[in-house]
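Please study the sequence and the model, then work through each solution in order.

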Amino acid sequence: MNMALKPTKQRIIDAAITLYNAQGVSNTTLKHIAESVGMSIGNLAYHYPNHDYIIEEVYRQLEVERTQVFKNMLQAPTFENINVELNTLMTLAQKYLFIQLDGPYILRNYPLLAELQRQFYENSMNFVKIAIDMSVDLGNIVAEQVPKQYQRLSHTIWMLVTFWCVQQNLREQKELDVEEVRQCIWGLLYPHLTPKGLHLFNKISEANKLS
């Protein structure tokens, strides 16, 4: 975060995230969070007057963390760099799983947070498109064969990464398998690779044991 929270506040935020993931935002009360941290509701209210302050603080923390991930990716939106940063991105998605699981509830009840989330979705899709366009310029991916082909591909890859942890949770698969996410992304990109891109893919596959 831009400014580190004081230890007590951070404990409250960490407890809230754990509870949101376990039982949902709508089912989590100040009492639940206070009990998890081991303090009275009165003491918790001293730091966060109501539940809205807590969830907004959680979102601020998430924004800082995921902004840093995309900043790292944008510095070099290449196959190699994205392949490495995917670990951090998927770990972050797992940490804040409730954001997707409780998406409709949050969008309806927290308009400011809903707008931040929509902006993040758009920025994420744009980032994937930038990475694909750069790969075309570098000669790793063939040029578009039909209009908006890579815009649609970007949308598909974004959905895969964004909702991977959700489908895993719904299927009661608790272990995050980042390698499988990589395989799925490469499976989408593979038909569009040039001979140069295939060579690079084989190097990355060998290094990360994706084959």
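The bend at a residue is the angle between two axes, one fitted to the seven residues ending there and the other to the seven starting there. The model used here is a predicted one.

**Exercise 1.** Determine where helix α9 is kinked, and by how much.

*Solution.* Step 1: the kink in α9 is centred on Phe 163. Step 2: its angle is about 50°. Step 3: beyond the helix, α9 is followed by Glu 172, which has a positive phi near 60°.

**Exercise 2.** Classify the packing of helix α4 (residues 51-74) and helix α5 (residues 79-95).

*Solution.* Step 1: the angle between α4 and α5 is about 170°, and their axes lie 9 Å apart. Step 2: angles over 145 degrees count as roughly antiparallel, and α4 and α5 are therefore roughly antiparallel to each other. Step 3: the residues of this contact comprise eight nonpolar, four polar and four charged.

**Exercise 3.** Describe how helix α1 (residues 7-23) packs with helix α2 (residues 30-37).

*Solution.* Step 1: α1 and α2 pack at about 120°, with axes 9 Å apart. Step 2: this angle makes α1 oblique to α2. Step 3: the crossing of α1 and α2 is right-handed. Step 4: the contact residues include Ile 12 and Leu 19 of α1 and Ile 33 of α2.

Conventions. Residues numbered from 1 in each chain as written. Predicted model: local features only at pLDDT ≥ 70, side-chain atom pairs only at ≥ 80, totals over all residues. Heavy atoms only, no water. Axes fitted to C-alpha atoms, helices over the stretch in contact; angles between N-to-C directions. Helix = DSSP H or I, 4+ residues; strand = E, 2+ residues; numbered from the N terminus. Parallel < 35°, antiparallel > 145°, perpendicular 65-115°, else oblique. Left-handed = near helix turned anticlockwise from the far one by under 90°. Contact = heavy atoms within 4.5 Å. Nonpolar A, V, L, I, M, F, W, Y, C, P; charged D, E, K, R; others polar.
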